[in-house]
Amino acid sequence: MTPPPLKIGIISDTHGWLNPRVFHIFDGVQQIFHAGDAGADRVLDDLETIAPVTAVTGNVDGTPTPRRPLQWTGTIAGLSVAMTHGHLLDPGDYNASAVAMFGAVNPRIIIHGHSHIAKHETLGDIAIINPGAACRPRFRDVPSVAILEIEPSGTFVCRFVRLDG
């Protein structure tokens with residue numbers, strides 16, 4: 001019998017507020033990645049009630065801490081994953097600058113936030129995922145989070161869930 005996929009919740013740009021819908025959407029995830037601009041560590045504490053949280057510091061988070069470094073790299077389900085908030089990336093080409101930032105690690109997946117725009121794109125063999133912003137809507141933001149499911153074979157799918165409806 002094939003084991004089920006590893007289910008990971010990806011969130012960013014909460015800006016000090018955790019949408020209550022996240023608790024339902026992330027129910028059953030085994031891991032949560034917060035790609036920065038948590039806005040308050042209590043957001044990370046609340047997410048920890050769902051699943052273990054790995055987070056990075058964003059431009060509104062203040063000084064990086066061991067709990068929220070500027071960058072994170074690791075292996076999840078056999079895949080090399082890297083994460084940064086995005087404020088240190090080139091807004092003219094987030095993808096290329098993210099790949100350059102983590103070039104020495106050669107990750108399979110890079111996660112970032114900052115732009116408030118959900119995306120799952122590839123550059124070469126690298127998947128670049130931004131879950132969008134989970135904060136209260138501002139400007140023309142469409143609040144969202146992402147769910148990443150990694151199969152035991154290493155294949156994965158990413159889907160986005162809107163928080164505004």
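In the predicted model, Thr54 lies in strand β3, which spans residues 53-55. With a relative accessible area of 15%, Thr54 falls under the 20% limit and is therefore buried. The side chain of Thr54 forms a polar contact of 2.9 Å with the side chain of Gln31.

The structure contains 3 salt bridges. One of them pairs the side chains of Arg68 and Asp41, with an N to O distance of 2.9 Å. This pair connects distant parts of the chain, 27 residues apart: Arg68 belongs to the loop between β3 and β4 (71-76), and Asp41 to helix α2 (residues 41-48). Arg68 is buried, at a relative accessible area of 7%, whereas Asp41 is partly exposed, at 33%.

A salt bridge is also found between the side chains of Arg67 and Asp45, at 2.8 Å from N to O. Here too the partners come from distant parts of the chain, with Arg67 in the loop between β3 and β4 and Asp45 in helix α2, 22 residues apart. The relative accessible area of Arg67 is 34%, which makes this residue partly exposed. Asp45 is likewise classed as partly exposed, with a relative accessibility of 40%.

A further salt bridge joins the side chains of Asp164 and Arg162, with an N to O distance of 2.6 Å. Asp164 has a relative accessible area of 42% and is partly exposed.

Definitions and conventions
Residues are numbered from 1 along each chain as its sequence is written. This is a predicted model: local features need pLDDT of at least 70, side-chain atom pairs count only at pLDDT 80 or more; totals for chains, interfaces and linings use all residues. Side-chain values use heavy atoms; hydrogens and water are left out. Helices (H or I, at least four residues) and strands (E, at least two) are DSSP runs, numbered from the N terminus. Buried means under 20% relative accessible area, exposed over 50%, partly exposed in between (1.4 Å probe, protein chains only). A polar contact is a pair of N or O atoms within 3.5 Å; within protein, one must be able to donate a hydrogen and the other to accept it, and residues adjacent in sequence count only if both atoms are side-chain atoms. A salt bridge is a side-chain nitrogen of Lys or Arg within 4 Å of a carboxyl oxygen of Asp or Glu.
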